[in-house]
Amino acid sequence: PDKPVIKSPVKKNLPNSLPTGSALIEYCKSTAGSHHIQSILSSSDREFSLRLLQTLLKSPNTMSILTGASSSFVIQKLVSVLPSSDLAPLHNILASNFIRLSLDKFGCRLVQSYLEYCSEEQQILIANQICCLSTIKALACDSNGTFVAQSCLPHLMKYPNQVQALVQAVLGCTVELGSHHHGTYFMQCLVT
């Protein structure tokens, strides 16, 4: 008798069928391209994910990738599939643009996602930035930034020196934070 033919499952468009270089960057900026890229990213293909992250971070306008309506979701997915040891280049960009990204509608979600998946050392380096008076005022009183500031709190609570620095910063603006709509949410999270 004839053996049945076993067909292999249809594979999603594999990484080698994707555009490269600047075309790949533009593809990630499109809604359809972003959804497609996110659907094929997995922790099992570290090499592809790392190459994609490197390509996106070498873009002439990296900030537009990190704050783009579609491309920021690709970066968030990369953060979730890559080991934290591969995220150092992204960490450097996030750390040096912390306030700008935290205040951005899409950038704030990226910072929160990064805090969720990065190493403990990377978490504290990012979270520690809210211990500065001007930074905490800017973030806590912003509709996007307050969520980043709140996300930083659990990471700081493990370190008494950082908590003390944050409390010292907040003491200088307690009335302002407590009387601001978004600032009150941060203050509630801080004291609970």
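These legends go with an overview and several close-up views of one predicted model.

View 1. The chain holds 14 helices and zero strands. Helices (H or I, at least four residues) and strands (E, at least two) are DSSP runs, numbered from the N terminus. The C-alpha atoms fill a box of roughly 80 × 35 × 25 Å, taken along the principal axes. Of the 192 residues, 43% are buried. Buried means under 20% relative accessible area, exposed over 50%, and partly exposed in between (1.4 Å probe, protein chains only). Among contacts with a separation of 6 or more, 69% join residues 24 or more positions apart. Contact means heavy atoms within 4.5 Å.

Residues are numbered from 1 along each chain as its sequence is written, and side-chain values use heavy atoms, with hydrogens and water left out. Because the model is predicted, local features need pLDDT of at least 70 and side-chain atom pairs count only at pLDDT 80 or more, while totals for chains, interfaces and linings use all residues.

**View 2. Helix H10 meets helix H11.** Two packed helices are described by the angle between their axes and the distance between the axes. H10 covers residues 133-140 and H11 covers residues 145-156. Their axes come within 6 Å and cross at roughly 120 degrees. Axes are lines fitted to C-alpha atoms, for helices over the stretch in contact, and angles run from 0 to 180 degrees between N-to-C directions. H10 and H11 are therefore oblique to each other. Angles under 35 degrees count as roughly parallel, over 145 as roughly antiparallel, 65 to 115 as roughly perpendicular and the rest as oblique. H10 contributes Ile136, Leu139 and Ala140 to the contact, and H11 contributes Gly145, Thr146, Val148 and Ala149.

**View 3. Serine 102 sits in helix H7.** H7 spans residues 98-103. Serine 102 has 0% relative accessibility, so it counts as buried. A polar atom of its side chain lies 2.7 Å from the backbone oxygen of phenylalanine 98. Beyond its neighbours within four places in sequence, serine 102 is in contact with Cys108, Val111, Leu139, Asp142, Asn144, Gly145 and Val148.

**View 4. Aspartate 104 lies in the loop between H7 and H8.** Its relative accessibility is 23%, so aspartate 104 counts as partly exposed. Its side chain reaches the backbone nitrogen of phenylalanine 106 at 2.9 Å. Aspartate 104 also touches Thr67 and Asn144, not counting residues up to four places away in sequence. Cysteine 131 is 27 residues from aspartate 104 in sequence and 20 Å away in space, C-alpha to C-alpha.

**View 5. Helix H8 is largely enclosed by the rest of the structure.** Eight of its 11 residues are buried. They are Gly107, Cys108, Leu110, Val111, Gln112, Ser113, Tyr114 and Leu115. The cover over these buried residues includes H4, H5, H6, H7, H9 and H11.

**View 6. Threonine 62 lies in helix H4.** Threonine 62 is buried, with a relative accessible area of 13%. Leaving aside neighbours within four places in sequence, threonine 62 is in contact with Leu56, Leu57 and Ile93.

**View 7. Isoleucine 130 belongs to the largest nonpolar core.** A nonpolar core is a set of buried Ala, Val, Leu, Ile, Met, Phe, Trp, Tyr and Cys residues joined through side-chain atoms within 4.5 Å. This core has 54 residues. Leu52, Ile75, Ile130, Ile136, Leu166 and Phe186 touch the most other members.

Definitions and conventions. A polar contact is a pair of N or O atoms within 3.5 Å; within protein, one must be able to donate a hydrogen and the other to accept it, and residues adjacent in sequence count only if both atoms are side-chain atoms.
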